[in-house]
Amino acid sequence: MTRFHLESLGCAKNQVDSELLISCLSAGGWALSESADADVIIVNSCGFIESAKRESVNAVLSFRKRHPTAKIVLAGCLAVRHAKELRESLTEADVVCPTSDPQRIAGELIGAALAAADPGGRPLLSLPGSAYVKIAEGCDNRCTFCAIPLMRGALRSRTIPDIKAEFDALRRRGVQEICLVAQDSASFGAETAGKSGRGALPELLETLLQAEGRFWIRLLYLHPDHFPYDIIPLMQGDPRLLPYFDIPFQHSAKDVLRAMGRRGDGKTYLALVEKIRAALPGAALRSTFLTGFPGESDADFDDLLDFQKNAQLEWAGVFCYSREEGTPACAFKKRPAKKRAAERKTRLEEAQIPISGQRLDRFIGAQLDVLVEEKIEGEGEENLFLGRAYLNAPDVDGAIVVESSGELHTGALVSAQITARADFDLQAEA
Ligand code: SF4
């Protein structure tokens, strides 16, 4: 029996592909193992920006160094984007598999046509109780800085019955939190929406919320320029659809956003934030900002700092612009120096610390449902657990440290009282 190890890099969508790939290979008779015991080591790569590409290449180099006899396979986005160059230059990889399609990768490795994996039955790489569900692949937004459409293609939404079947299967397995992901979840169903352009996200959510029981649905990656306001009444009506909004604004200065191929500006984005908060006072908001985009002036950056101050978001991630060949912005002039972009990134990150702190402080004293993810092992730490509440998305936001009078089950939802804050984490008692 061939033993394989899988290194899953990049985003939540890539993690779902990795989980499906494990399913396909296992169905093909291969066994998942630690890298030390593996005959085949697969790096499911990311090709989004320079740092992610470097991480993927370094993973191949590191596995080659540590496991000289293993067969090293590079698959996923980086392989899709640079197959030819990588085959010539990255000789440490025995195979470069230019696809993200788990079924095709498995078929190529096993050398036989394999059935598609059952999404609801796949192994999950998330912490207990949580799973990502990919509702669509690809993207039609064509933001000028973004290489994802070059790797993932045009928007292809799954059908609602297909997603519902996966959702039900995961619920039967005891999964409490279902994170719906896509490149842009707000575009779900837009490719078949005709003139109305009204996506099918509200319809999908209404269908999933017909299910009985206690669970969470978390929406990730909502493009601000076509924000689906119809989801707000659904959130007001059912707390299982979490009032958590992950809306990558990228910037606030009009001229920068236009150059990015986006239609909004600081004023319309602030109005969106205020509208959400007016309808859902307890809402938690996360965003992403990009510094150093070609043409970004000092005044544009000051505009962004003001926007950040006025928006008072719970969470914000900041990235420096990465010039990506094949994207429209690659040819743009007047790019700020990388040093300047990094300085601006640091200033935004430093300014976000007190903002997140203040936004988190309002939860002290509140009674919240917490998804228990792992037990904190250590001297004198009898009943301490790490978890997340509705305001904490997996992998990117702070956590909830729960002190309990007794043992808690990982993967379970427990009610806990928030007692204090420590940096980006909240402390609670259950
Ligand atoms: S919406 Fe996201 S994935 Fe789509 S082009 Fe823009 S940045 Fe890329």
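## Cysteines

C146 counts as buried, because its relative accessibility is 16% (buried means under 20% relative accessible area, exposed over 50% and partly exposed in between, with a 1.4 Å probe and protein chains only). C24 also counts as buried, at 3% relative accessibility. The structure is a predicted model, in which local features need pLDDT of at least 70 and side-chain atom pairs count only at pLDDT 80 or more, while totals for chains, interfaces and linings use all residues. Residues are numbered from 1 along each chain as its sequence is written, and side-chain values use heavy atoms, with hydrogens and water left out.

A search of the whole structure finds zero disulfides (pairs of cysteine sulfur atoms within 2.5 Å). For C24, which is in no disulfide, the nearest cysteine sulfur is that of C97, 12 Å away.

## Nonpolar cores

The largest nonpolar core has 68 residues, and I135, L180, I231 and F245 have the most contacts inside it. Such a core is a set of buried Ala, Val, Leu, Ile, Met, Phe, Trp, Tyr and Cys residues joined through side-chain atoms within 4.5 Å. Apart from it lies another core of 50 residues, among them L220, L360, F385 and A389.

## Strand β16

Strands are DSSP runs of E with at least two residues, numbered from the N terminus.

β16 pairs (at least two DSSP bridges) with strand β15 (residues 384-388) in the antiparallel sense over four bridges, where G387 stands opposite I400. With strand β18 (residues 425-429), β16 pairs in the parallel sense over four bridges, and L426 is the bridge partner of I400 in β18.
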